[in-house]
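The points are numbered and may be checked one by one against the display.

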Amino acid sequence: MFQTRITKMFGIKYPIIQGAMMWLSRAEMVAAVANAGGLGIMASLTFPTAKELRQEIRKAKSLTDKPFAVNITLLPTLRPRSFEEYIATAIEEEVSIIETAGRNPRQYMKQLRDGGVKVMHKVASVKAAKTAERVGVDAVTIVGFEEGGNPGMDDVTTMILVPRTVDELEIPVIAGGGIGDGRGFMAALSLGAEGVLMGTRFMLSQECPLHPSIKQRLLQASEKDTLMIMRSINNPERVVTTKFAQNVLEMEAKGTTLEELLPMIDGLRQKRALDKGEADQAMIPCGQVIGLIDDLPTIKEIIDGIIKEARAIGKRLS
Ligand SMILES: Cc1cc2nc3c(=O)[nH]c(=O)nc-3n(C[C@H](O)[C@H](O)[C@H](O)COP(=O)(O)O)c2cc1C
């Protein structure tokens, strides 16, 4: 049950994927997802140099013999990185799947194809999904308005985007944004997705290296406790509602400049806050699905729980 083109393509047991999470989805998390039968995605830009990414990939390989993926988020960074170098490192270390996100991966496709990896690309619109298929990726993840992170500018929900994308594409589609349990998993498969990608659910796991006080704060949050910042710079980010996020929104409403915003959205500021548990000092990406999450299980418990619930739903419906 639940075998799809995605499980076959990636060599995984269940079509359940842990979305890349900057600063958080490092070797331990990624390996825990792999060992539980899903696909973990390492957020490569967490590591300031390709050398450190290489060490982390080796660490993940020491923790699992199952496949995992490396994410390359192709967005401008305050501290310039060579995306080619990060891709080359993942290929040299024999990572079998690379996820691109953030913008059209066309200029990297030759390197990716020559490297023999499977390429999954994450988008937030049907148009971008079609472009990704055209430039030759193997699978597309479509994320809706609910998602934690960057849901794009269109404000269209997962419920609509998944079937729209499935109707337009030949290659397999993975659904992301707002999925956190067996009900969401079954809904996504019903909409035609061949896998699900979840960030927020895995953020609230034992293995996620997020400060315990922020985990506790998120456990208290409801589906109404997220908001979108950075729309003014065309890069909206869904984050948990904090004094910090409200402050950024107010700055944007007053017409702040990019120069004034940059220190607020600086990645190192975010890393410090996530490590130290200072929820009101930086933005904390988080999806609306937080309203469905009130426990802190292990990653294996999350994945086993989803499959168990999905099987029960299958029985009930038949
Ligand atoms: C804390 C956090 C950090 C994230 N960092 C990244 C990132 O660096 N690159 C990326 O492509 N997506 C990132 N995302 C988005 C996730 O990979 C995934 O698309 C999203 O969480 C799915 O929606 P959900 O949160 O509703 O499950 C992040 C999400 C969260 C919650």
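1. In this predicted model, a backbone N or O atom of Ala20 lies 2.7 Å from an oxygen atom of the ligand. A polar backbone atom of Gly199 is 2.8 Å from an oxygen atom of the ligand, and a backbone N or O atom of Met22 lies 3.1 Å from a nitrogen atom of the ligand.

2. How much of the ligand's accessible area does the protein cover? On its own the ligand has 600 Å² of accessible area, and the protein covers 94% of it. Strand S3 (69–73), strand S8 (195–198) and helix H9 (200–203) are the elements that give two or more residues to the shell around the ligand. There are 20 residues around the ligand, and those that come nearest are Ala20, Glu147, Gly178, Gly199 and Thr200.

3. The structure holds 2 aromatic pairs. One of them joins Phe2 and Phe185, with 5.1 Å from centre to centre and 80° between the planes, an edge-to-face arrangement. Phe2 belongs to the segment before helix H1 (5–10) and Phe185 to helix H8 (residues 182–190), so this pair ties together parts that are 183 residues apart in sequence. Phe2 counts as buried because its relative accessibility is 10%, under the 20% limit. Phe185, at 0% relative accessibility, counts as buried.

4. In the pair of Phe83 and Tyr108, the ring centres are 6.2 Å apart and the planes stand at 85°, so this pair is edge-to-face. Phe83 is in helix H4 (residues 83–92), whereas Tyr108 is in the loop between strand S4 (97–101) and helix H5 (109–114); the pair therefore ties together parts that are 25 residues apart in sequence. Are these two residues, Phe83 and Tyr108, buried or exposed? Both are buried.

5. Which residues of helix H6 (residues 126–135) are buried? They include Val126, Ala129, Thr131, Ala132 and Val135. Among the elements that cover the buried residues of H6 are H5, strand S5 (118–123), strand S6 (139–143) and helix H7 (158–168). Gly136 follows H6 and has a positive phi, near 105°.

Key. Residues are numbered from 1 along each chain as its sequence is written. This is a predicted model: local features need pLDDT of at least 70, side-chain atom pairs count only at pLDDT 80 or more; totals for chains, interfaces and linings use all residues. Side-chain values use heavy atoms; hydrogens and water are left out. Rings of Phe, Tyr and Trp (its six-membered ring) pair if their centres lie within 6.5 Å; planes under 30 degrees apart count as stacked, over 60 as edge-to-face and the rest as tilted. Helices (H or I, at least four residues) and strands (E, at least two) are DSSP runs, numbered from the N terminus. Buried means under 20% relative accessible area, exposed over 50%, partly exposed in between (1.4 Å probe, protein chains only). Contact means heavy atoms within 4.5 Å. A residue is near a molecule or strand if one of its heavy atoms lies within 4 Å of it. A polar contact is a pair of N or O atoms within 3.5 Å; within protein, one must be able to donate a hydrogen and the other to accept it, and residues adjacent in sequence count only if both atoms are side-chain atoms. Accessible areas come from the Shrake-Rupley method with a 1.4 Å probe; for residues, only the protein chains shown count as cover.
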